Amino acid sequence: MTPSAYLANYPEPPTDAAVADARRELQAQQEQLLALSEKIASAEDALAQIVVERKRAIRDLRREKLVLEEKVTYTKAYISPIRRLPHELLRHIFLFNFDDHPCCAWVLASVCTLWRRLTLSMPRLWSKIRLVTNQSATADTIRLWLERSGDKVPLDIEIYLRVNGVSNEGSVDPPPPHYVIPHPPGTAMLLPPAHTPIIVPQSPSHHDSWGSPPPPSSRNTPQAQRNAHWGHIAIFYLIEQMHRWQRFVFRFDRQFPSMSALKSIAGDAPILREFEISCAETIYASEWPWIPSSSPVTSMALGKLESLMLHHVPFKWSSPIFKTNLRSLNLRSLPSNHLPLDRIMHIIASNPDLESLTLHFAVALPAILPLVQTSLPRLRELTFGGHYHMSQLADSLVLPSLEILNLDVEARDPIEDTITNLLQRSNNPPITRLSVSYGCTSSSTLYYGPGGVVISWGFLTDLNHLQSLSIGGTPLEPFLSALGMPDEEQTHWACPNLTTVAMKSCHAHSDGIAKLVQLVEARNPESGSATMVNGVIPTRLQHLELYDCATLGQDVIEWLKKRVDEVICTEPSYVRSP
């Protein structure tokens with residue numbers, strides 16, 4: 001309704017009577033408006049009450065639904081096929097999983113009450129300790145693991161200690177992917193293989209235990225105090241179970257405050273088969289009164305020890321631990337450990353059944369007593385490194401079963417005579433892998449610099465079984481020529497079964513790249529097989545590596561990749577772009 005139509009019943013201009021009528025009409029309209037507002041408010045209140053009641057009803061229904069869904073889940077779990085398996089069969093399944101995943105007990109114990117009860121009742125599932133930890137983590141993880149393993153089951157222990165603040169350079173070998181990583185205060189993160197679901201308990205966010213060490217102002221905090229005592233607590237728990245050790249491996253990145261706790265590793269280990277204490281860096285330590293430094297008259301039960309590895313920790317050459325007829329021996333001495341060659345040879349001769357021998361001595365003194373020729377009829381792998389005197393040890397060994405030979409001694413004299421004499425003295429064993437100066441091509445060695453220099457590669461013609469050859473720090477051209485097409489003076493191919501060649505820091509002249517191409521062209525022709533010489537056709541190269549040797553160029557690299565299945569090449573550092 002328009003204003004003019006509504007006011008048509010009123011005279012213009014308004015009279016006193018018209019104004020009085022309009023006021024009475026206005027009062028009546030206001031009373032009607034108030035009544036309508038009250039009705040609207042009442043209806044809204046009623047609607048709100050209905051909404052509240054319906055929402056309450058919906059919440060009750062949803063609550064009932066959740067309860068029912070839980071019951072459905074429990075019922076489905078109860079009638080599931082896995083539930084009907086006999087407990088004894090379920091235990092066998094757990095054990096099969098344990099063989100492939102040593103830390104599976106932590107996952108199995110978190111599935112359900114039944115599985116947790118079964119898992120905790122099986123000490124064997126807790127007998128393999130695989131732990132990556134640091135000083136910020138609690139040592140109670142080790143205590144709990146040991147408690148759950150019972151008191152009779154043999155223990156297989158591997159612990160990797162990452163010392164706070166250590167860089168990635170020079171760190172120990174990365175641990176396998178199936179390890180438990182504890183986080184303070186006491187939670188643990190399990191790292192199973194990639195195809196296994198990962199269960200990660202929530203870790204505290206107030207401190208990153210894998211990051212930088214705390215600032216100097218926090219050195220007296222409880223966290224810093226725990227860091228200082230971690231080793232003593234953890235080693236105490238472990239030594240209590242020393243009589244159950246079957247395998248014990250403890251590796252750490254560098255020296256840490258409670259490292260002296262390792263001194264207390266002493267006593268009998270009647271079932272111990274493998275023992276390893278390794279540090280990635282040289283430490284500063286005096287003599288430790290522990291098993292590797294015990295007196296030769298000390299009586300200890302180590303009758304089953306077969307494998308021993310000691311890296312950058314103190315030991316004595318006369319310790320009874322070196323007289324247990326080992327199968328595998330790996331020693332990397334401290335620079336402060338100055339042993340004459342005859343005492344190093346005494347360690348070797350005390351274990352005539354060795355199958356693998358690795359020795360690296362930064363300092364080796366000349367022999368005091370004459371070196372006696374020693375035969376190791378079962379030795380298959382030999383690695384010598386460090387001081388140039390170490391090559392004299394090889395001159396006193398007879399190794400008729402040798403298959404793998406690695407020599408990384410400091411350069412002083414040509415090393416080919418040592419290799420040739422060793423092989424001839426050993427009746428030319430079937431060497432399949434040879435490495436010469438491949439692992440120490442830096443210039444940080446103590447005396448003469450890296451690698452044993454090779455003047456002549458003629459001895460390669462006698463290595464007919466060789467499959468892998470790695471060299472470092474030697475001229476490139478003579479080496480490539482020796483492996484290439486036989487010349488008029490050669491009667492057959494050198495290393496006809498060679499499939500892998502690796503070169504590191506081998507300086508090359510102008511014709512080095514051409515020699516490399518000629519080698520690949522001779523052994524891996526574009527079509528067909530290589531040229532037969534005296535009835536022998538060499539095997540095609542399958543793997544080729546060059547590290548800091550020569551700048552090949554992209555065209556040469558692409559050509560090599562067409563001829564060799566796998567090619568890895570890095571250019572010398574002095575020509576790299578900044």
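A nonpolar core is a set of buried Ala, Val, Leu, Ile, Met, Phe, Trp, Tyr and Cys residues joined through side-chain atoms within 4.5 Å, where buried means under 20% relative accessible area with a 1.4 Å probe and protein chains only. The model is predicted, so local features need pLDDT of at least 70 and side-chain atom pairs count only at pLDDT 80 or more, whereas totals for chains, interfaces and linings use all residues. Residues are numbered from 1 along each chain as its sequence is written, and side-chain values use heavy atoms, with hydrogens and water left out.

**View 1. The largest nonpolar core of the chain.** This core holds 128 residues, and the members that touch the most others are F252, I265, F275, I277, F384, L460 and M503. In soluble globular proteins, nonpolar side chains tend to be buried together.

**View 2. The surroundings of I277.** When neighbours within four places in sequence are set aside, I277 is in contact (heavy atoms within 4.5 Å) with F248, F250, F252, L262, I265, W290, M309, L310, H311 and V313.

**View 3. Strand β5 and its pairing partners, β2 and β6.** Strands are DSSP runs of E with at least two residues, numbered from the N terminus, and two of them pair if DSSP finds at least two bridges between them. Strand β5 (residues 245-252) is largely enclosed by the rest of the structure, because seven of its eight residues are buried. Strand β2 (residues 155-161) pairs with β5 in the parallel sense over seven bridges, and E158 has V249 of β5 as its bridge partner. Strand β6 (residues 274-279) also runs parallel to β5, joined to it by six bridges, with S278 of β6 as the bridge partner of R251.

Note on methods
Buried < 20%, exposed > 50% of the residue type's maximum accessible area, 1.4 Å probe, protein only. Helix = DSSP H or I, 4+ residues; strand = E, 2+ residues; numbered from the N terminus.
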